[in-house]
Amino acid sequence: MAATEANRRDFLRWLAVSGTALAAAGMASPADAAGAGITLLTGVTLIDGTGSAPRDDVTIVLVGDRIAWVGPSYDLPSYAGATVIDGRGKFAVPGLWDMHTHGSDLEDIFPPLHLANGVTGIREMWGYPENRATRAKIERGELLGPRMVLASNVVDGPVSLLGPPVTRVTDEAQARAAVRTAKADGAAFVKVYSYLLPDAFRAVADECRLQGLPFAGHLPYRVPLPDASDAGQHSFEHLFGVPLRTSSRAPEYLAKLAATPIDPAAPRDFFNVARELDRLAMLDYDPVRAGELFTRLRDNDSWQSPTLTLNRVIGRPAGTYLNDPRLKYVPAEIRELWASRIHLYSPVTPEQIRQQEVFFAQRQQLVGAMYRAGVGVVGGTDCLNPYSFPGFGLHDELELLAGSGLTPLEVLRTVTSDAARLLGREQIAGTIAVGKEADLLLLGADPAADVRNLRRIDTVITRGRVLDRAALDRMLTAVETAAAKPPAPARAARARILAVHGCC
């Protein structure tokens, strides 16, 4: 464009009339953008999160916390007052979303670990006052952390694996009250859980419709998966119950589950029965039954968050992760809880270990089949559960999704544009496009060639703030220092809620 260098006013005016419009970036005119910082990412290879082929030599203009221009580098006028990041040899991708997290209120550990690993947004799956306070700090700029879409308190039945602050409901009136409380608390959706009974589940679904709230979470054991999808459950976590519905022996296994009582004194016994029935069911996978279920899920816009990371952890011997180098970022009290609780799940004998290896591989194949059938799939880790690491764990999840048969660009979409669609944020997030939030990564290698290259993070940009490699390394060092401090009673108590009770 212009051969001479533009001043700030001229540059903003050029943006306003260049066909992109500052209004798309939330600014009605150059005057509205006058106080916002301008950042240019020049010469990048753009992988925009839509699934489109990479584009070379692209410049991205950020004005404040929005993307204001994306186009060929040669089209952009020069402006000396901008922060310029030389992106030659770098790959720009949208910021990543971990779609199943816990523990964000462990403020000196979890939020920085997310950001240092390129996770600029999280779906926090258990809302309570402490993590609502954390989100408020992030929104006010008092704490550096990812964007948070926050669930309600967990809504479960009169029996639950979970302790306080879980909301236990026994009837329709209590179920409806729980939804109204979630609305008053500002929850983005209602989180339902495993032991919610059918009548209460239907009341939650109906009240959510009346209140204009989505609901998501575990498949309640006593509710048929197709019925839960028909009722509007927006996402299902961990693949619980899916193997049972895709087996040629489904009637037999479902009848056995229905006949198994839930002992209030030992609710985990029922969890163990359900998990073993899922494993057995996978041995008789029926593509026809599976296709019928997948069509129903797809047509109902019911998504799957398989949390393969956690499923792999609990299917391996207990000592598998005891020397994981990432444990240096985890406080001692949480490490101790992980080491003790993993024994509730882990296989012991050689035969059990082999069975769990087969079960995990089959679930990976199941995810691939769902994805190819058009069921929405998103990546999430269930971090804070044993050996599911915040930030780092999402990259584990992405590589496991690639092992399900998704291409690298499809894997990227599960935590960018598809994540935004599930959240209803596709107009403002999930891709690198004009008007979208300025959350993006610069990578040192091509993620379209190998999903492992998503770990090659050079720069994280969150809300328009640039964190270069040196800043990210300082964040990791600070987390390591914080994790080495003596146990904090409040932190230990909060961790115990999740780590003691299991998959959330």
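Reply: Strands here are DSSP runs of E with at least two residues, helices are runs of H or I with at least four, and both are numbered from the N terminus. The model is a predicted one.

On that basis, Asp 57 belongs to strand β2, which spans residues 55–63. Although Asp 57 is not a glycine, its phi is positive, at about 50°. The residue is partly exposed, with a relative accessible area of 42%. A positive phi in a residue other than glycine also occurs at His 238, where the value is near 75°. His 238 sits in the loop between β12 (235–237) and α7 (242–245). With a relative accessible area of 2%, His 238 is buried. The backbone also contains a cis peptide bond between Pro 164 and Pro 165, with omega at about 15°. Pro 165 is part of the loop that runs between β8 (147–156) and β9 (167–168).

Helix α12 (residues 332–341) has Glu 333, Ile 334, Leu 337 and Trp 338 as its buried residues. They span an arc of only 135° around the axis, which places them on the same side of α12.

The account now turns to the pockets. The largest pocket holds about 360 Å³ of space. Its lining comprises 24 residues, and those nearest its centre are Leu 219, Tyr 221, Gly 241, Leu 244 and Leu 257. By class, the lining has 16 nonpolar, three polar and five charged residues.

Two or more lining residues come from each of α9 and α13. Here too α9 provides the largest share, four residues. This lining divides into four nonpolar, six polar and three charged residues.

As for charged pairs, side chains of opposite charge can pair when their charged atoms come close. The whole structure contains 30 salt bridges. In one of them, Asp 439 pairs with Arg 147, with the closest N and O atoms 2.5 Å apart. This pair joins distant parts of the chain, since Asp 439 lies in the loop between α16 (417–423) and β14 (440–443) and Arg 147 in strand β8, 292 residues apart. Both partners are buried: Asp 439 has a relative accessible area of 10%, and Arg 147 has 9%.

A further salt bridge links Asp 199 to Arg 202, with the closest N and O atoms 2.3 Å apart. Both residues lie in helix α5 (residues 198–211), separated by three residues, or about one turn of the helix. Asp 199 counts as exposed, at 53% relative accessibility.

Arg 452 and Asp 450 also form a salt bridge, with 2.7 Å between the closest N and O atoms. Arg 452 is exposed, with a relative accessible area of 52%, whereas Asp 450 is partly exposed at 21%. Salt bridges with shared partners also connect Glu 172, Arg 176, Arg 180, Asp 206, Glu 207 and Arg 209 in one network.

Methods
Residues are numbered from 1 along each chain as its sequence is written. This is a predicted model: local features need pLDDT of at least 70, side-chain atom pairs count only at pLDDT 80 or more; totals for chains, interfaces and linings use all residues. Side-chain values use heavy atoms; hydrogens and water are left out. Buried means under 20% relative accessible area, exposed over 50%, partly exposed in between (1.4 Å probe, protein chains only). The arc is that of the directions from the helix axis to the C-beta atoms. On a 1 Å grid over the protein atoms alone, a cavity is a set of points where a 1.4 Å probe fits but cannot get out, and a pocket is an open set with protein on both sides within 12 Å along at least five of seven lines; lining residues have an atom within 4 Å of a point. Grid points are joined across faces, edges and corners, and a volume is the space filled by probe spheres set on the points. Ala, Val, Leu, Ile, Met, Phe, Trp, Tyr, Cys and Pro count as nonpolar, Asp, Glu, Lys and Arg as charged, and the others, Gly among them, as polar. A salt bridge is a side-chain nitrogen of Lys or Arg within 4 Å of a carboxyl oxygen of Asp or Glu.
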